[in-house]
Amino acid sequence: MAATDNLHTPRNAAPSIDELRVAITGGTSGLGLALVRACTRGRAHVAFVARDAARVERISAETGAHGIVGDIARKDDIHRIALQVIGLLGGVDLLVNNASSLGPVTLRPLADTECEDLENALATNLLGPFRLTKALLGSLAASARERRGAVVLNVSSDAAINPYPGWGAYGASKAALHHLSRIWDEELGSQGVRFLSIDPGDMDTPLHALAVPDADPTTLRRPADSAAALLAAIERALAEIHRAGEMRTLEEIAVCR
Ligand SMILES: NC(=O)c1ccc[n+]([C@@H]2O[C@H](COP(=O)([O-])OP(=O)(O)OC[C@H]3O[C@@H](n4cnc5c(N)ncnc54)[C@H](OP(=O)(O)O)[C@@H]3O)[C@@H](O)[C@H]2O)c1
C-alpha cells in the first residue's frame, strides 16, 4: 500500500493514528522508541530520527519503521531529515518532536553552566524542533487540507513549568518549547494544524538515569505507558480537528444555500 493511500476511515469519521504518516525524533530509546513500537503495531507509516547509525538500523529492522540518521541540533541536517521524511512517507500527518538534551551532566546550577552548554540544550530542545516543524509545515498544511489530521506533539517536561534547581539549561529550553507550541497552536489551529505540548511524566529511561542516577526505577513510569497516554491525547486532538472541519463544512453549505 502506498503511504499516501491510507484513508481507510469513512469520510465522516476522524482519522486514527493507525492511518497516519508519523515522524518521530529520537526513536531509538526511551519514550521515542516506545512511540515507534506503538505506532508500527498499527498500520501507521513511521519514520524516526536519531544520531547513532547502528541503533537506527537495529530499531528499523525490529519495527519496520524507516530509520533516518541525523542530528536535529545541527542546522545543516534539518532539510535533509525533512526531505527524507517526506520522501519515505509521502508526506506527514503527525510530527513528534521528542529527542532531547539534558544540557550539562551532571546537572548543575546556572552560575556553573557554560554558555556553550546552554546553547547546546537550546539547539536540541528548541531550535531543532522549530526548524524541523518549519521544514515540514507545507506537508502538515497539506495534510490538514486533505482532512488527514495534522498534529505536532512537542514532548515537554514538568521542568518547563517548575524552576528546579540544577535543571536550568534543560528547564529553560523546555519552557521555551512549551510556549512556542502554544503560540504555534494559536497561529495555525484555525487552519487545522494542532500543536500539543505534553509532559510524559518521570520515566525509566537512559535520560532519567543520567539526570537522577539515584532514582528508584520502580517508582518511574514505563515509557510504553507514557507513549500510550500521549497517543490517546493525539487521538483526542484528531477528533477535535475533525469536528471543527465538519462544522466549517456545514457553515459553508449554509452560506451557499
Ligand atoms: N525520562 C523522563 O523521565 C522524562 C521526563 C519528562 C520529559 N521527558 C522528555 O521525554 C522525551 C524523551 O526522553 P527519554 O527519557 O525517552 O530520552 P532518551 O531515552 O535519552 O532517548 C533520547 C532519544 O533521542 C535521540 N536523540 C538525542 N539527541 C538527539 C539529536 N540531537 N538528534 C536526533 N536524535 C537525538 C537519542 O538517540 P541518539 O543519542 O542516537 O541520537 C534517543 O533515541 C524528551 O523530550 C525528554 O525531555 C523525559
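Two residues are in contact if their C-beta atoms, placed from the backbone, lie within 7 Å. In this predicted model, that criterion describes how helix α4 meets helix α5. The model also has an open sheet of 6 strands and a ligand surrounded by 32 residues.

**Helix pair α4 and α5**
- The axes of α4 (residues 115-145) and α5 (residues 168-188) come within 9 Å and cross at roughly 20°.
- Angles under 35 degrees count as roughly parallel, so α4 is roughly parallel to α5.
- The crossing of α4 past α5 is right-handed.
- On the α4 side the contact consists of D117, L118, A121, L122, N125, L126, P129 and F130, and on the α5 side of A169, Y170, S173, K174, A176, L177 and L180.
- By class, this contact has 11 nonpolar, 2 polar and 2 charged residues.

**Sheet**
- The strand order is β3-β2-β1-β4-β5-β6, and the pairing is parallel.
- β3 (66-69) and β6 (194-198) are at the edges with a single partner strand each, so one side of each has no neighbour in the sheet.
- From one strand to the next, the twist averages 15°.
- Strand β1 (residues 21-25) runs parallel to β2 and is joined to β2 by 5 bridges; V22 has V46 in β2 as its bridge partner.

**Helices across the sheet**
- α5 lies across β5 (151-155) and β6, at about 155° to β6.
- Helix α7 (residues 223-256) lies across β4 (94-97), β5 and β6, and also runs at about 155° to β6.

**Ligand shell**
- The closest residues to the ligand are G26, G30, R51, S100 and T205.
- α1 (30-41), β2 (45-50) and α6 (206-211) each give two or more residues to the shell.
- The shell divides into 12 nonpolar, 14 polar and 6 charged residues.

Note on methods:
Residues numbered from 1 in each chain as written. Predicted model: local features only at pLDDT ≥ 70, side-chain atom pairs only at ≥ 80, totals over all residues. Near = placed C-beta within 6 Å. Helix = DSSP H or I, 4+ residues; strand = E, 2+ residues; numbered from the N terminus. Nonpolar A, V, L, I, M, F, W, Y, C, P; charged D, E, K, R; others polar. Axes fitted to C-alpha atoms, helices over the stretch in contact; angles between N-to-C directions. Parallel < 35°, antiparallel > 145°, perpendicular 65-115°, else oblique. Left-handed = near helix turned anticlockwise from the far one by under 90°. Pairing = 2+ DSSP bridges.
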